[in-house]
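Work through the exercises below with the sequence and the model open. Each task is followed by a solution in steps.

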Amino acid sequence: MSDTVVKERASVRTAVQKLGTFLSGMVMPNIPALIAWGIVTALFIEVGPFPNEAIASLVDPAIHYLLPLLIAYTGGKMVYDVRGGVVGSFATLGVIGGSDWLIDQFNANAAEGEGGLGKVHMFIGAMIMAPLAAWLMKQLDKLWEGKVKAGFEMLVNMFSAGIFAFIMALGGFFLLAPVVNKIMEWLGAGVGWLIETGVLPAVSLLIEPAKVFFLNNAINHGVLTPLGSSEAAVDGKSILFLLEANPGPGVGVLLAFTFFGVGAARATAPGAAIIQFFGGIHEVYFPYVLMKPALLLAVIGGGASGVATNMLLGTGLGGPAAPGSIIAVGAQAIGPGVMNFIGVMASVVVAAAVSFIIAAVILRASRKGDLAAEAAGQDSLGAAVAKTQANKGKESSFLSGLSTAVMTEPITRIVFACDAGMGSSAMGASVLRKKVHGAGFTDVTVTNLAIANLDDTPQVVITQEELTPRAKQQNSSAVHVSVDNFMNSPRYDEVVELVRQSREEGDAAGGETASAEADAPVAAAAAAPAAAGPGDVLTPDRVTTAPAARDRDEAIREAAGRLVAAGAVTEDYEQAMFDREAEVSTFMGNGLAIPHGTNAAKETVLGSALTVARYPEPIDWDGNEVRFVIGIAGKDGGHLEILAKIATIFSDEAQVERLLAAEGDAELYAMLSEVND
């Protein structure tokens with residue numbers, strides 16, 4: 001197979017993953033509303049165990065208006081914040097109205113005796129229209145950005161959004177509604193055919209492999225949830241909610257590894273089974289299947305048998321089960337009645353049993369080869385975990401836990417990576433280095449680096465959550481850890497424990513810890529003296545306790561202005577700081593933010609400098625409260641030693657309180673001047 005074909009397939013898979021992730025992002029936050037609606041539907045409609053016409057009156061408006069509009073608002077907000085959410089919601093209302101009008105017209109013109117059409121619930125319409133309307137609104141706003149006269153901004157913003165929302169609603173009414181009606185008609189007919197002909201279990205041939213490769217969200221949230229919700233509104237339950245959520249196939253494979261697996265896979269399978277079955281985190285069993293692709297037969301067989309059981313017993317869920325744990329499945333199964341609950345539980349047991357039997361046969365047949373590979377030191381589970389992480393395209397703490405369980409080489413090289421490798425990574429590395437060395441692992445080097453400069457040398461790579469996928473592309477063999485708080489992230493303690501476990505497992509395998517001398521060049525590079533004198537980096541005139549800014553953007557502009565005044569950067573550096581903020585937040589934790597430019601903006605840096613601003617009231621920094629803003633410009637690494645010292649200061653909450661209590665610029669500078677020693 002040519003490289004071009006492989007790349008094209010990978011590109012298609014990535015595109016489907018991104019689509020599924022986006023659809024999931026619209027639906028998942030609104031699952032509580034779907035669950036609440038499912039409870040009302042399962043209990044109080046005419047076919048439910050407690051029919052109540054008054055309470056059942058909530059069912060139709062909730063599924064027809066509330067749920068699609070909640071999804072629309074969430075999708076629009078994902079694209080263009082609250083403005084996008086509002087515009088997207090009203091535009092979706094146009095799609096709902098257009099669909100209803102078309103169906104009313106059809107029913108009015110239908111010949112007497114012909115069956116009329118029921119309402120189409122616009123989940124798919126919301127998923128299409130809301131993001132589109134929000135994105136178009138965002139592009140329109142760019143056309144007149146900075147061109148509106150002072151004092152008229154609010155007027156223009158309000159009326160432009162209102163007029164555009166009206167236009168998009170008309171477009172949805174006349175253009176999108178007919179298309180979505182037809183799509184739902186085809187999908188509904190297709191599912192109906194599968195059920196009537198008894199071949200619905202065959203969908204497991206698609207769904208189960210799609211789960212392992214993280215391609216199922218587009219099917220689950222784009223098709224099954226809308227269709228299942230429409231079916232549940234009439235019958236009080238739907239089998240479609242169980243096609244993907246049944247935990248039986250996964251737990252069956254994990255139980256087979258528990259009894260018939262070897263090495264690390266057998267040791268970790270029981271814990272993974274608990275997480276998957278009771279926590280609903282299905283992804284923990286994916287690496288076990290990827291270890292032996294033949295096990296796809298086990299999960300397909302388990303999934304199909306579970307669907308067949310539900311078809312035979314006429315059982316289903318009152319609403320979507322999210323996450324797909326036995327607890328969530330049971331909660332949604334009990335509403336339609338005790339017998340329905342028993343039937344759903346039977347489908348889980350049957351799916352688990354069939355999956356277990358098939359997996360056990362496969363594992364027993366390959367046991368001799370597995371034992372030989374284990375004796376040869378081959379880490380098949382670790383490789384499968386890495387492949388699963390790559391399939392997912394982002395960090396998973398659950399999968400990282402499996403990686404930790406099979407780490408056999410003593411860890412001596414840790415890299416903290418960020419976009420530029422000069423600001424947040426330097427501070428994070430300083431804090432983590434102190435923890436690692438404080439735990440007695442003084443031969444472990446903890447350095448900072450730009451993601452673009454990552455190679456295969458580090459065994460552990462730490463990044464902000466948004467940057468982890470990029471880091472994994474640069475180094476796929478390392479254990480990747482994502483953090484969202486640089487000053488006191490709980491993940492640092494996990495890294496220290498990972499180092500400790502790697503030493504214990506390495507000793508057990510007869511491995512030797514790498515000497516500190518082997519990494520001396522790296523350590524020496526990290527501790528190399530700055531090109532500029534520390535005293536030239538932070539000076540009294542660059543510290544203020546009375547800044548004028550009252551929000552994040554103003555604070556960034558202030559920091560950029562002081563760096564320009566210090567002669568450290570050109571005026572273009574300000575835009576580079578905003579570009580960096582757009583990629584990933586520079587919030588560090590403990591009330592500190594360190595805005596700085598991107599790696600591509602090195603030519604705008606003339607020298608090394610720091611500016612410090614303490615704000616009297618917290619600034620909202622992407623949802624986090626910030627009291628200290630330290631602007632950074634680094635030339636030839638001249639600021640890194642200073643940043644390491646600042647990180648040490650701000651990782652101590654007691655010291656931060658003393659900095660907050662400092663009276664005036666001079667006292668604050670005096671408390672920070674130790675960084676110039």
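The model is predicted, so local features need pLDDT of at least 70 and side-chain atom pairs count only at pLDDT 80 or more, while totals for chains, interfaces and linings use all residues. Residues are numbered from 1 along each chain as its sequence is written, and side-chain values use heavy atoms, with hydrogens and water left out.

**Exercise 1.** Describe how helices α4 and α5 pack.

Step 1. Helix α4 covers residues 59–109 and helix α5 residues 123–143; their axes come within 9 Å and cross at roughly 30°. Helices are DSSP runs (H or I, at least four residues) numbered from the N terminus. Axes are lines fitted to C-alpha atoms over the stretch in contact, with angles from 0 to 180 degrees between N-to-C directions.

Step 2. Angles under 35 degrees count as roughly parallel, over 145 as roughly antiparallel, 65 to 115 as roughly perpendicular and the rest as oblique. α4 and α5 are therefore roughly parallel.

Step 3. The contact residues of α4 with α5 comprise 20 nonpolar, 6 polar and 3 charged. Here Ala, Val, Leu, Ile, Met, Phe, Trp, Tyr, Cys and Pro count as nonpolar, Asp, Glu, Lys and Arg as charged, and the others, Gly among them, as polar.

**Exercise 2.** Classify α23 against α24 and list the residues in contact.

Step 1. The axes of α23 (residues 552–565) and α24 (residues 573–583) come within 9 Å and cross at roughly 140°. That makes α23 oblique to α24.

Step 2. Contact means heavy atoms within 4.5 Å. From α23 come Arg-552, Asp-553, Ile-556, Arg-557, Ala-559, Ala-560 and Leu-563; from α24 come Tyr-573, Glu-574, Met-577, Phe-578 and Glu-581.

Step 3. By class, this contact has 7 nonpolar, no polar and 5 charged residues.

**Exercise 3.** Which residues touch the most other members of the largest nonpolar core?

Step 1. A nonpolar core is a set of buried Ala, Val, Leu, Ile, Met, Phe, Trp, Tyr and Cys residues joined through side-chain atoms within 4.5 Å. Buried means under 20% relative accessible area, exposed over 50%, partly exposed in between (1.4 Å probe, protein chains only).

Step 2. Among the 56 residues of this core, they are Trp-37, Val-253, Phe-257, Tyr-288 and Leu-317. Helix α15 (residues 338–365) supplies the largest share, 7 residues.

**Exercise 4.** Is Pro-226 buried or exposed?

Step 1. Pro-226 lies in helix α8 (residues 217–235).

Step 2. Pro-226 counts as buried, at 1% relative accessibility.

Key
Helices (H or I, at least four residues) and strands (E, at least two) are DSSP runs, numbered from the N terminus.
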